[in-house]
Amino acid sequence: MKQPWIHNAKTDGWFILSPPFLILVVVFLFQDQIHELERHYSFYTWLFLIVFVDVAHVYSTLFKTYFIREEVQKRKLLYYGIPALSWILGLLLYQFGSLTFWSVLALIAVFHFIRQQYGFMRIYARFEPDTWKKRIDEIAVYSATLYPMLYWFKTPRAFTWFVENEFNWLQNIPDYRNFISVLYFIILFVWVAKTVFEVVTTKQFNLPKIALISGTYLSWYFGIVYFNNDLVFTFLNVISHGIPYVALIYIREIKQKKSAELSHLSVFKSTFGIFLFIAVILCFAFFEEFLWEILVWNEHFSLNIDVLEKWFQFLIPLLVVPQLTHYLLDGFIWKKPKKLK
C-alpha cells in the first residue's frame, strides 16, 4: 500500500514518529544519568525541554496564523478574538483562586495534547476507508492517552503539569482504577489483534499509523504510569508532543508550499531558513519565559523586580495568553486530514 507520509519516510520517521521510542530507549539505558541531570543540571533541562521545546512549539503556530497576512484578514474575528477571549477567561478563572486557574488550564492542556495524537492518527489514516477498523484506531488513541491521565488523577505522582495539587480536587471521586485498567488492556489487546489481522489478511500495513499509535501508548504509559519521575515525564511528554508539532508546521506551512505562496515567509524555505525558523520560535519562547521568571517565578534567574501579588490576577492571565491562544486556535486552524494530499 502507499504509505501516507506527511512529507517522506525519513522526515516523518525522525521528527514525528521516532521521538517517543528514542526517548524511552534513553530513559531505560541511562536512568542513573537522568537522576544526575535532575539533581545537578535542572536549569539546563528546564531551558532545553520547557523553553526550547514546549514553549517554542507554541510559537511555531505563528507560521500558520499571525505571520500570514491573508489568513488573518480572512478570519479577523478568530485571530483577534481568541487572544482577547483567552485573557478574559484567565481573568475570570483567577478570581476563583490561583489553584483553580492552573487546574483548568492543565485540563485544557491535557485535552490539547490528546487531540494532537488523535489528529496525527487521522492524518496517517486519511487514505483508509471509514470502517469499524478506523473506529478501533480512534478508540485506541483515546485509551492510550486518557487512561494514564485518569490514573494520575487518582494516584499521587512526583510531577505536575503546571503547579502542585492541580488535580487534587479529583481525589474525592470514587476509585475507578481497577475498572479502567481492565478496560485499557482490553482495548490495547483488541487494537493489536485488529492490526495483526489486517497485516495477515491483506499483506499490507500502515507503518506510520501503527508507529504513531504504538508511540502514543508507550510514551503516555511509561511517562505517567510506569515511571514516577519528574524529568522522565517531562522528557516523554514534552519531546513527544513538541517536536512533532514543530515538524508538522514546518513541513505543511513552509516546506511543501511554493515560494510564491509563502510571500515574505519564503526566506524560511531554504536550508538556512530552517535554522532561521528555529531561531525565531526559540527567541519568542525565551522572551516569554524570561518574563515569567523575572515577574512571577524567580526560580532560575531574577532581576529583583518586585511585583505585588495583588497584580498577579491581571499579570498571570496576560502571560498565559500565548499558550491558551495556541490551545484554543488549534481546534480551528487545521483542515480535516482527509483533505491532505
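Which residues is Trp161 in contact with, leaving aside its neighbours within four places in sequence? The first legend gives the answer.

View 1. Leaving aside neighbours within four places in sequence, Trp161 is in contact with Ala106, Ala109, Val110, Phe113, Met149, Trp152, Glu166, Phe167, Phe233 and Asn237; contact means heavy atoms within 4.5 Å. The model is predicted, so local features need pLDDT of at least 70 and side-chain atom pairs count only at pLDDT 80 or more, whereas totals for chains, interfaces and linings use all residues. Residues are numbered from 1 along each chain as its sequence is written, and side-chain values use heavy atoms, with hydrogens and water left out. Trp161 is, with Met149, Phe167 and Ile316, among the residues with the most contacts inside the largest nonpolar core, which has 61 residues. Helix α7 (residues 98–124) supplies the largest share of this core, 13 residues. Apart from this core lies another, of 28 residues, among them Ile68, Tyr250, Phe277 and Leu329. A nonpolar core is a set of buried Ala, Val, Leu, Ile, Met, Phe, Trp, Tyr and Cys residues joined through side-chain atoms within 4.5 Å. Buried means under 20% relative accessible area, exposed over 50%, and partly exposed in between (1.4 Å probe, protein chains only). Helices (H or I, at least four residues) are DSSP runs, numbered from the N terminus.

**View 2. Crossing of helices α4 and α14.** The axes of α4 (residues 42–60) and α14 (residues 312–333) come within 9 Å and cross at roughly 65°. These axes are lines fitted to C-alpha atoms over the stretch in contact, and angles run from 0 to 180 degrees between N-to-C directions. The crossing of α4 and α14 is left-handed, that is, the near helix is turned anticlockwise from the far one by less than a right angle. His57, Val58 and Tyr59 of α4 make the contact with Pro322, Gln323 and His326 of α14. By class, the contact of α4 with α14 has 3 nonpolar, 3 polar and no charged residues. In this classification Ala, Val, Leu, Ile, Met, Phe, Trp, Tyr, Cys and Pro count as nonpolar, Asp, Glu, Lys and Arg as charged, and the others, Gly among them, as polar.

**View 3. The buried side of helix α2.** In α2 (residues 19–29), the buried residues are Pro19, Pro20, Ile23, Leu24 and Val27. They lie on the same side of α2 because they cover an arc of only 120° around the axis; the arc is that of the directions from the helix axis to the C-beta atoms. What covers the buried residues of α2 includes α1 (9–17), α3 (31–40), α10 (207–226) and α11 (230–255).

View 4. Leu212 is placed in helix α10 and is buried, with a relative accessible area of 6%. Leaving aside neighbours within four places in sequence, Leu212 is in contact with Leu17, Gln117, Phe120, Met121 and Tyr124. Gln117 belongs to helix α7 and is also buried, at a relative accessible area of 8%. Not counting residues up to four places away in sequence, Gln117 touches Val141, Thr145, Leu212, Thr216, Trp220 and Ser240. Leu212 and Ile239 are 27 residues apart in sequence and 14 Å apart in space, C-alpha to C-alpha.

View 5. Most residues other than glycine have a negative phi. Lys203, in the loop between α9 (177–202) and α10, has a positive phi near 60°. At 67% relative accessibility, Lys203 counts as exposed. Ser263 lies in the loop between α12 (259–262) and α13 (271–297), and its phi is positive, about 55°. Ser263 counts as partly exposed, at 40% relative accessibility.

**View 6. Leu91 in helix α6.** Leu91 is found in α6 (residues 76–94) and counts as buried at 19% relative accessibility. Not counting residues up to four places away in sequence, Leu91 touches Gln313, Phe314 and Pro317. Leu91 and Leu324 are 233 residues apart in sequence and 12 Å apart in space, C-alpha to C-alpha.

Methods
Helix = DSSP H or I, 4+ residues; strand = E, 2+ residues; numbered from the N terminus.
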